[in-house]
Amino acid sequence: MATKVYIVYYSMYGHVEKLAEKIREGAASIEGVEAKLWQVPETLPDEVLGKMSAPPKSDVPKITPNELAEADGFVFGFPTRYGMMAAQFKAFLDATGSLWRTQQLAGKPTGIFYSTGSQGGGQETTALTAITQLVHHGMIFVPIGYTFGAGMFEMEKVKGGSPYGAGTYAGDGSRQPSDLELEQAFHQGKYIATITKRLKGAA
């Protein structure tokens, strides 16, 4: 039976979604792993999104809380809001009470990725503050550490991400994830899929 890794994300302007696509590719590159992209539901009305110049959402399916129970591992992604996850993703997690009561997500490995507006905008705190959600579910946080190798030490170019997980800088919205950031996202997907498969096999 295939190991299921769900990449679940919220993306307003597409930066997180680009990382998510690469993470899925990385996870799917591991034999025996089925990687699937999911979006969490939007909470803002279309009128507000229009005023924020947010583009239409992609056709990636929207996930319901109970569908999380089907997966063996996860990678959660979101933009930052004042150094924490966006409210849309928090609202989705707030709806997982039935899974929490039964601890259906306990023991499942989970990674985190993110997008921030600037270098001081929460590349580490966004992941750090998100860990509390995993703890209450009994999930296993899987950081990438420095397994990405030389890419973790890039000093000549602007690069998002940290030992906590893959990341990118959106700036004013015009900047898109760099090749190096996308490579790190691919690595994260591959890394977490490998660990998820290993843990499932040991169960």
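Predicted model: local features only at pLDDT ≥ 70, side-chain atom pairs only at ≥ 80, totals over all residues.
Start by selecting residues 179-202, helix α6. At 1.5 Å a residue, its 24 residues should span 34 Å, and the end C-alpha atoms lie 35 Å apart, which agrees. Next, colour the buried residues of α6: E181, L182, Q184, A185, H187, Q188, G189, I192, A193, I195 and T196. Show their surroundings as well; these residues pack against strands β1 (3-9), β2 (33-39), β3 (73-81), β5 (109-116) and β7 (167-169), and against helix α1 (15-28).

Move to helix α5, residues 125-137. Buried here are T126, A127, A130, I131, Q133, L134 and H137. Their cover includes β3, β4 (84-85), β5 and β6 (140-141), together with the helices α3 (87-94) and α4 (97-102). Just after α5, select G138, which has a positive phi of about 75°.

Now turn to the aromatic rings. The whole structure holds 6 aromatic pairs. Select F89 and F92: the ring centres are 6.1 Å apart and the planes meet at 65°, over the 60 degrees required, so this pair is edge-to-face. Both residues sit in helix α3, 3 residues apart, or about one turn of the helix. Residues three or four places apart in an α-helix point the same way, because there are 3.6 residues a turn. F89 and F92 are both buried.

For a stacked pair, select Y146 and F153, with 5.4 Å from centre to centre and 25° between the planes. F153 counts as exposed because its relative accessibility is 55%.

Finish with F74, F76, F78, F89 and F92, which form one aromatic cluster.

Notes:
Residues numbered from 1 in each chain as written. Heavy atoms only, no water. Helix = DSSP H or I, 4+ residues; strand = E, 2+ residues; numbered from the N terminus. Expected span 1.5 Å × (residues − 1). Buried < 20%, exposed > 50% of the residue type's maximum accessible area, 1.4 Å probe, protein only. Contact = heavy atoms within 4.5 Å. Phe/Tyr/Trp six-rings, centres within 6.5 Å; stacked < 30°, edge-to-face > 60°.
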